[in-house]
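Please work through the following exercises with the model at hand. Each task is followed by a solution in steps.

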Amino acid sequence: MENLQHRVALALLSYAAQRGVPASHLCRLSGVDYAVLARDASMRLTPVQFEHLWKNAAHLTQDSLFGLHFGEAMQLAALGVVGQVILTSNTVGEALDHAGAMAHLLTDLYRFRISRDSRTTTLHFMENTRRTQRYPHTARHFGDYLIVFALHELDGLLPERIEPLSARFPYAIPDHHEYTRIFRCPVKGKAGELSIGFHRRYEDLTILSANYSLQNFLLQRVTAMCAREPDETTTLQQRVFHFLLSNSYRQMPGLEAVAANFNCSPRSLQRHLEEEGTRFSDIVTRVRQQLAQDYLRASQYPIKDIAAMLGYEEQRAFLRAFRRWTGLSPAAWRRQQQTGVA
């Protein structure tokens with residue numbers, strides 16, 4: 001069985017690196033041997049090490065909502081779990097039941113339970129209060145991470161975005177606007193539980209298992225392009241480029257989401273990028289161009305599917321953009337690459 005806690009730890013370090021905090025530095029402060037963690041997939045961190053990782057990551061990134069934003073950006077590592085669930089599920093309801101059976105592999109701070117009534121399905125993450133009180137930073141950040149993770153994976157199973165009915169948290173919510181932006185529904189703090197509810201109708205929908213091979217291919221390509229982590233000398237535009245690249249295999253994050261993940265307002269992010277001589281929209285264009293060319297070069301997936309995965313609502317818009325970048329249509333550019341004709 002895959003060590004999912006190890007996967008989460010590496011994803012946490014990778015996300016912190018995108019935020020300008022080198023993985024080796026974060027590990028050193030947290031009492032973790034980064035060299036061993038990076039090469040040994042069986043290595044398990046102690047609860048104390050995880051507590052220090054969460055605490056130091058939030059401090060060094062100056063983001064009190066680190067767990068929330070990490071969950072929002074967790075798509076790359078999450079697909080591995082989704083893949084296991086998809087292979088054994090036909091409907092969203094089955095996928096939820098199978099995912100629940102795997103939840104204990106992620107953490108012992110929360111126990112997963114599903115409740116259902118005639119209208120609503122609710123995912124509950126019930127606290128192990130003895131453990132959460134002992135490790136408060138892990139409890140808070142990992143709790144936020146878990147519930148965002150659940151929402152993103154539901155989104156990934158369907159051709160439409162889930163519209164939750166409510167999200168509840170056992171602790172106070174420090175930024176109501178930010179939680180509402182991410183969960184797209186009414187949120188309530190100090191509610192006595194960690195849970196998210198959505199309409200029961202979603203459970204009967206067939207999951208997009210046919211799209212898993214495409215998503216897995218796109219994930220592999222993005223992962224290969226993101227192999228080098230940013231370091232302290234990386235400029236903001238390079239970090240934004242890397243963040244967009246590593247979180248765009250399913251949809252391109254917007255300005256507000258990226259700004260939140262860099263702990264600033266959209267206006268501030270735009271201003272800092274302009275000081276470096278670029279704009280957010282320019283970086284998005286560069287990411288889309290790099291991804292589009294790599295996807296076309298490395299696969300035979302239909303152009304309409306690649307356009308959709310790059311965030312283009314209409315294939316014609318992608319065709320026009322690609323011609324501006326290369327002077328060729330995507331199909332002609334692909335044939336040129338495969339034949340080696342300049």
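This is a predicted model: local features need pLDDT of at least 70, side-chain atom pairs count only at pLDDT 80 or more; totals for chains, interfaces and linings use all residues.

Residues are numbered from 1 along each chain as its sequence is written, and side-chain values use heavy atoms, with hydrogens and water left out.

**Exercise 1.** Determine where R184 lies and whether R184 is buried or exposed.

*Solution.* Step 1: R184 belongs to the loop between α10 (176-183) and β4 (187-188); helices (H or I, at least four residues) and strands (E, at least two) are DSSP runs, numbered from the N terminus.
Step 1: The relative accessible area of R184 is 18%. Buried means under 20%, exposed over 50%, and partly exposed in between (1.4 Å probe, protein chains only). R184 is therefore buried.
Step 2: The R184 side chain reaches the backbone oxygen of I162 at 2.8 Å.

**Exercise 2.** Identify the strands that pair with β2 and state how many residues of β2 are buried.

*Solution.* Step 1: Strands pair if DSSP finds at least two bridges between them. Strand β1 (residues 110-116) runs antiparallel to β2, with seven bridges joining them, and a hairpin of three residues connects β1 to β2. Within this pairing, S115 has T122 of β2 as its bridge partner.
Step 1: Strand β5 (residues 194-199) also pairs with β2 in the antiparallel sense, over six bridges; here F125 stands opposite L194.
Step 2: Of the eight residues of β2 (residues 120-127), six are buried, so this strand is largely enclosed by the rest of the structure.

Methods. A polar contact is a pair of N or O atoms within 3.5 Å; within protein, one must be able to donate a hydrogen and the other to accept it, and residues adjacent in sequence count only if both atoms are side-chain atoms.
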